[in-house]
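Here is a short briefing to read alongside the structure. Take a look at the model, then walk through the points below.

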Amino acid sequence: MASVTFRDCFLCVSALITFVFVFVTGADFVRFVSFRAIYHNLSGAAPPCRDSVPWSVALRDGVVLKAVAVDVFLLVLFSLQHSLLAWAPVKRVCQNVFGVLSRAVYCFTTAAALQILMHYWHPVTSAPCLWSVHKAPWDIWFPLICFILHFLCWAIICSILLIFDYPELLGIKQVYYECLGLGDPLLLKSERAQRLYAHLRHPVCVELLTVLWLLPTFPLDRLLLAVFLSVYLILGHSLDGQDCAYLRRQLRNKLQLFSAPLEDSDQSNNNTHKQD
């Protein structure tokens, strides 16, 4: 049995720290982008904007312009980190510097950029809302509908992340395979799977778009967040016909696997891997 080295311990601890930090950041992001805004309506608090102020006045207000400038800067900072570290030349440099931890470093820095964005985000409270549902009975029902739909979207997002091999997305599986001497887990996948992973940067595009835009109250800073992230998600979507065909085939295989009898599950699983 191979002895555990200091390098293996360091890799495992680094991957574990990344996992915890990303998990906490994900929970904070759910609160920031979804439930905090909806709870504001359900609690009966005053809307986070001033509908009595005309847009012509609000857009000349120094406080509003400063908040917009800070929020745009934070969004650009996040997109630069998220895109620059995913750029092939930079990925090669990170691979040479960090080795098997390159994916974990990418996830850790993404979580750090999100934490900075959420911590320094400036709500625009001195401008009108784009819309605000405040007439009975929809002032109660529509926030509840939004809450249910947001909850379902986040449940779907979590399920998709688990299906797409969550440990590998966070770089944990790479460290585990390295410690066991098994190499890069992505290289063990089929060429079609590798092609899909290269194109599918954001596997939860529709759900995130729903969460970004479906709110009972929509202030100006939320418009900045929704427009910027929507454009970023759409630009990162590069699936083609081959990828969609592969996804349909994998879904069909999974359905056959779960519908097969328990005693045939191992054989079906082996056949599925062979077809990949």
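Cysteine 158 has a relative accessibility of 46%, so this residue counts as partly exposed. Cysteine 107 is at 9%, under the 20% cut-off, and therefore counts as buried. The disulfide count for this predicted model comes to 0.

**The chain as a whole**
- The protein chain is built with 13 helices and 2 strands.
- Of its 276 residues, 35% count as buried.
- Its accessible surface is about 16500 Å², and carbon and sulfur atoms account for 69% of that area.
- Taking contacts between residues at least 6 apart in sequence, 82% link residues at least 24 apart.

- In soluble globular proteins, nonpolar side chains tend to be buried together.
- The largest nonpolar core here has 27 residues, and the members that touch the most others are Phe29, Phe32, Val33, Leu117, Trp121, Trp154 and Leu225.
- Two or more residues of this core come from each of helix 1 (6–42), helix 3 (62–84), helix 5 (102–120), helix 6, helix 10 (205–213) and helix 11 (220–235).
- With 5 residues, helix 1 is the element that gives the most to this core.
- Another core, of 7 residues, lies apart from the largest one, and its members include Val53, Val124, Ala127 and Leu220.
- Which residues does phenylalanine 29 contact, leaving aside its neighbours within four places in sequence? They are Ser34, Leu114, Met118 and Trp154.

- Trp138, Ile140, Trp141, Leu144, Ile145, Phe147, Ile148, Leu149, Phe151 and Leu152 together make a nonpolar surface patch of about 980 Å².
- Isoleucine 148, one of these residues, sits in helix 6, which covers residues 138–163.
- Isoleucine 148 counts as partly exposed because its relative accessibility is 48%.

**The salt bridge**
- Side chains of opposite charge can pair when their charged atoms come close.
- How many salt bridges does a search of the whole structure find? The search finds 1.
- Glutamate 178 and arginine 7 form a salt bridge through their side chains, at 3.3 Å from N to O.
- Glutamate 178 belongs to helix 8 (residues 172–180) and arginine 7 to helix 1, so the pair ties together parts 171 residues apart in sequence.
- Glutamate 178 is partly exposed, as its relative accessible area is 31%.
- Arginine 7 also counts as partly exposed, with a relative accessibility of 45%.

Note on methods. Residues are numbered from 1 along each chain as its sequence is written. This is a predicted model: local features need pLDDT of at least 70, side-chain atom pairs count only at pLDDT 80 or more; totals for chains, interfaces and linings use all residues. Side-chain values use heavy atoms; hydrogens and water are left out. Patches are made of residues with over 30% relative accessible area and no salt bridge: like charges are joined within 9 Å, nonpolar side chains (Val, Leu, Ile, Met, Phe, Trp, Tyr) within 5 Å. Accessible areas come from the Shrake-Rupley method with a 1.4 Å probe; for residues, only the protein chains shown count as cover. A salt bridge is a side-chain nitrogen of Lys or Arg within 4 Å of a carboxyl oxygen of Asp or Glu. Helices (H or I, at least four residues) and strands (E, at least two) are DSSP runs, numbered from the N terminus. Buried means under 20% relative accessible area, exposed over 50%, partly exposed in between (1.4 Å probe, protein chains only). A nonpolar core is a set of buried Ala, Val, Leu, Ile, Met, Phe, Trp, Tyr and Cys residues joined through side-chain atoms within 4.5 Å. Contact means heavy atoms within 4.5 Å. A disulfide is a pair of cysteine sulfur atoms within 2.5 Å.
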